[in-house]
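Hi,

Here is the model I promised to pass on. Have a look at it first, and my notes follow below.

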Amino acid sequence: MPDNSAKTEFWDQKSTWPLLEAGVIFPPTQRADLAGLASELATTLERLTSAATNDPFANPVQLLAIDLSRRLHQGTLDYATIEQLIQYLSVTGFVDRAARLADYLGTTDEAANDETLTRLVRGLAERGGEIVPFESFRDAVSREVFGIVFTAHPTFNLSESLMRALTTLALGRTAENEPPLAPQDILERVAARPHQPDTDLSLTREHGLSLLAIGHAQDAIRRLYRLIFEVAETCYPDRWTELRPRLITIASWVGYDLDGRSDIHWTDTLRKRLVVQVRQLRHYRAELRAIRAVVPSIEEIRHTLDLLESRLALAINETDNEIAAFSAPDAADASGIAGIQHVARRMHEGRSLRLIDSAQAIELVDRILRLAGNSPDVTPALHRLCVLRAELANYGLGMAHTHVRINATQLHNAIRKAVALETAPEDPRYRQSYLTALNELLDKVQPVTINFGSLIAERTSAKRLFMIVAQMLRYADAATPVRFLIAECESAFTTLTALYYARLFGIADQIDISPLFETEKALEAGSRIIDQLLDNPHYRAYVLARGRLCIQTGFSDAGRYLGQTPASASIERLRLRLTRLLPKHGLTTIQLIIFDTHGESIGRGAHPGSFRERLDYISSPYTRAFMAEQRVKFKQEVSFQGGDGYQYFITTPAAFAVVTRILEQTLDETTTLPDDPFYQDPDYITEFFTTVKEFQVSLMTDSSYGVLLHSFGANLLFASGSRALKRQHESTEDIDHASASQIRAIPHNAILQQLGLPANTVGGVGAAIDKDPRRFTDLYQRSPRFRLLIGMVEYGVAIAAPDALRAYIDALDPATWLLRAAHTDDRHRADEMLRLAAFLEDSRLHVRKRVVFRKLYRDFCLVEQGLERTDTTRFAERIDQTGLKVLHAIRLALMHEVFLMATHIPPFSSQHSTTWERVMQQILHLDVQGAVDILAKIFPSTGQNAIDDGFGETATYVSDETQNYSQENERLLKPLAGLHSLIRRVGSAITQRIGFFG
């Protein structure tokens, strides 16, 4: 991080000026002492908090919000100043987030990380001070030990420019060998623009950002490969050019994840795969041109270089044309089909000349290496050629390996008729019959051929996805395997169905089928499902042929339904059971690949302590040692989800730090099981996490919890991805029957964080601690594994603000407004409050939400008491809790302004499929923009002109349709929309201080 004195200098210059320059909603008319105002509000909040010690009924956050509301009404504070204050608090939170990011990544100095990686690689070449045989070193660096997977989860809470600025501020530089940047320059840009996502968050935009992250990950791995060859040249001077190191792979499912998405057309998926291809081919061509400048000027070498470059140029040209063809607006209409037919014929007829296997390019690189010799003057060229060959061997012909994903239900629908599937596949009455029918299909399946017309005609999503993969393998990259992920897999039947279609479409030898175990049922039954599959001759033969067994686990939905800590414990138990299965079935020659899809927040399995703790949280030292003891070959894969995940790869130095941290953990290959009491006291551990799980299950099934989540819902936040976070319930009646399960994991967690109590992380832990507080404290102090798991809870407590949650609930309580009206001298203002109270009187939602609050708060107090006994303050010291609560108070004040302003909406008769009452409900649940859009139609700013001429007589009547509602638009609708934007900006500012989204 840049030194603090420079940042202080910046704030001294800027804290009394309007910071925000772009996207200003309420233009300021005068300077404001933003630093002074922020400090005053923090001091006021601390005073109110101190006073609440003697008044348990007082709510400091609510009182500060009321104070702000009064200032706004009295004119001592205005919306423009509030807008600038939000920006000031956003930027200060941004600076704190950058500091935490720098600390989280560990050493980011490239030279220091070079030394670390060189030491680790050297450790693979030496044992006891002696150089190991070349074959041992080759095997060690050529294996795949870790996989980085980029996904498009909706965590894009910052614009690309702010993402770059955040990492630049954290690291002090943007790229290798560039001098540190002045923090004033970074903060100047950061302060001038609102902190929110890019406005064009389409899947195409997300795909572009993923390619940026993948490119930097490749840069980091390329540097790793250079270091490997440097060590190898020293240790094995005669054979080092034979190496083809891998260690880390890169994969992506951005554009290929069809689970729960009907908006991704097959042409979108194929086109994005081709974009990944053409960019990598351009990289290879650029590397080849750079090598040409340093390789010996031998005619046969030049000829081989020309041949390889011409193959790449032809492939680039072909792929560019195919991308254009598959970009047709509608592939189902006549013109779109005609375009696809044309390019399909060309692809088919030219397939024998296509570059579809990286082995073709590798063969030419090998020829150049042989011709170049090994004299010292060609060593730089040899190193570059070896790195290029390693990339070709690792990535194939794309920037990243391809992961596609589909839901188990989609597979069941596809096979339904063929096996007479009338109930759930795991239905005990018919389960064996279904499996028998499916095995009979597998016994006699014969591959079929398809073309792009088959894709156009197919209506079954599962079959269509297999066809897409088949065409990817046929025309893009025939050698690099594709991962086929199956979400919500709860039976062996589902995986065998995927195997059947893989054989039907002739791709079983090129894809790795991977069931996802994420639900409570799946996590408990996962090992039994794999056990059953390994007993199946078709599946056993399949994994033996592939040489690997792949599964996926998920921390998001598991954390949402079970609680984050029980989910993690369940996933670890699953890993241990799976490890035992491979020796049981005599399959220790194959590799076990576990892809853990965890997110970037405590609610989705990302430990906030450090990057090493993040890695150990999902793959503990104990399970890694147990796998080594059982002689199980293992590869760990993890996801980096959406914008928050790409943050670590937004610059090359950050990506290189991540790669270094990954190998520090992964190459730490201890075979001694840690002496950790967590694994020696299974009864207490089981009871502890079962208590947490029961609390979470009761919460998720409580309809009142659904009401709490849906009351304001995603309207507190900007949309954070192409899968929009929309409110699905717009009336009290709808919200009254809302369920927590209707909200996906990321918005679910984000809403909880914004309301001030991350229940899916901390909920139920208090009850578990309270069963035996002394035992909890003892295990916490003695067990590194237990301490790591509870660290998630500690961070959840640090970012929690129960007073804020209570204030949000009270905002829709009619009693709140009656009491405020009674203590308001301005009768006009009091009348607004009374009208609001009267409207809220018919709703009982606040009563139900208070029941949930009491449940959560009771448990939260027990958690705080339990953690106090451990004397831990690690995460509390990292979070500006006062600053968080000030932001909650500012947002509450703005919400109060919106609610009171809404009482001035003129009554109107039912029109545009809505009523005045429904519009009010929308606003009270913060669907302000939706309400304003409707009101703008009901009260247009410009009237409709009457047709007066040509009717023979003069008309003096003026229709209501010609009336102009510009006053209502300026004084009511525009401010309502503006205030809601500020409410969402507060949400972004809170996210900055928490450090993650969802």
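In which sense do β4 and strand β5 pair, and over how many bridges? They pair in the parallel sense, over two bridges; strands count as paired if DSSP finds at least two bridges between them. S252 has T402 in β5 as its bridge partner.

Before going on, some housekeeping. This is a predicted model, where local features need pLDDT of at least 70 and side-chain atom pairs count only at pLDDT 80 or more, while totals for chains, interfaces and linings use all residues. Residues are numbered from 1 along each chain as its sequence is written, and side-chain values use heavy atoms, with hydrogens and water left out.

Back to β4 (residues 247-252): strand β3 (residues 144-151) pairs with β4 too, in the parallel sense over six bridges. There, F146 sits opposite I248. Six of the six residues of β4 are buried, so the strand is largely enclosed by the rest of the structure. Buried here means under 20% relative accessible area (1.4 Å probe, protein chains only).

Now the helices. The axes of α2 (residues 34-52) and α3 (residues 60-74) come within 9 Å and cross at roughly 135°. That makes α2 oblique to α3, since angles under 35 degrees count as roughly parallel, over 145 as roughly antiparallel, 65 to 115 as roughly perpendicular and the rest as oblique. Among the residues that meet are L37, L41 and L45 in α2 and V61, L64 and R71 in α3, with contact meaning heavy atoms within 4.5 Å.

Cheers

How values were computed: Buried means under 20% relative accessible area, exposed over 50%, partly exposed in between (1.4 Å probe, protein chains only). Helices (H or I, at least four residues) and strands (E, at least two) are DSSP runs, numbered from the N terminus. Axes are lines fitted to C-alpha atoms, for helices over the stretch in contact, and angles run from 0 to 180 degrees between N-to-C directions.
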